[in-house]
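Here are some friendly notes to read alongside the model. Take the points in order, and keep the 3D view open as you go.

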Amino acid sequence: QFVRRWDMAATEAKPGKDPDWTVGLLLGVSQNQTLYICDVKRLRGTPGTTEALVKQTAEIDGKSIPVRMEQEPGSSGVTAIDGYSRRVLMGWDFRGIPSTGSKEVRANPVASQAEAGNIKIVRGPWINEFLDEAELFPLGSHDDQVDALSGALSDLVSTRDYGFSIAGELPQEDLEGEDLVDKLDAAGMMT
């Protein structure tokens, strides 16, 4: 299972300025629960060049890879996600995800997995910048790649089926979406 998570920025680099990066990180998880950082896209550019990178990356990844993006607070965040949904990523499994808590707290699950040796990094031209940023986090000047990784892990964990069973009189069949809700409700397990 994979997810491409975007942490957005839209400012070009200029002399004397060190703006944030737009980062799209592709994270996968294997059957043995090992996490793989497969790819990182980074860009400092205008909103138009950022949209083009997001679209191109989605086309390369393919429609089987879900695309998630941090939804900034307020109406501007809602508007940005709506624009990506309608203009840039229509036809993809795309969602904006509001972030909660500090970046440090959101990165704690990543740190736990790294300390346990459960994160592998696929070689690529982006690896040195990624490792430099991760090593300096949270004291470095940038945290965009770490933020994208934290979001991607959260996205994967929130959608994984870990094989939990529910006690009750449910049939032994695979249930999804509304069918599952209907069965739980009929069994008196919905509140």
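1. Let's start with K41, which sits in strand β3 (residues 35-43). Helices and strands here are DSSP runs numbered from the N terminus, with at least four residues of H or I for a helix and at least two of E for a strand. K41 counts as partly exposed because its relative accessibility is 27%; buried means under 20% relative accessible area, exposed over 50%, and partly exposed in between, using a 1.4 Å probe and protein chains only.

2. A word on the model: it is predicted, so local features need pLDDT of at least 70 and side-chain atom pairs count only at pLDDT 80 or more, while totals for chains, interfaces and linings use all residues. Residues are numbered from 1 along each chain as its sequence is written, and side-chain values use heavy atoms, with hydrogens and water left out.

3. Which residues does K41 touch, not counting residues up to four places away in sequence? They are R4, W6, T22, V23, G24, L53 and T57, where contact means heavy atoms within 4.5 Å. K41 and W126 are 85 residues apart in sequence, yet their C-alpha atoms are 7.6 Å apart in space.

4. Now look at strand β1 (residues 2-7): five of its six residues are buried, so the rest of the structure largely encloses it. β1 runs antiparallel to strand β2 (residues 22-29), joined by six bridges, and it pairs in the parallel sense with strand β4 (residues 67-71) over three bridges. Pairing requires that DSSP finds at least two bridges between the strands. Follow W6 to see both sides: its bridge partner is G24 in β2 and M69 in β4.

5. The largest nonpolar core has 19 residues, and L25, I37, V40 and F130 are among those with the most contacts inside it. Such a core is a set of buried Ala, Val, Leu, Ile, Met, Phe, Trp, Tyr and Cys residues joined through side-chain atoms within 4.5 Å. α5 (144-159) gives the most, with five residues. Another core, of twelve residues, lies apart from it and includes W6 and Y84.

6. Finally, helix α1 (residues 47-61) has T50, L53, V54, T57 and A58 buried. Seen down the axis, the buried residues of α1 fall within an arc of 130 degrees, so they line one face of the helix; the arc is that of the directions from the helix axis to the C-beta atoms. Among the elements covering them are β1, β3 and α2 (74-88).
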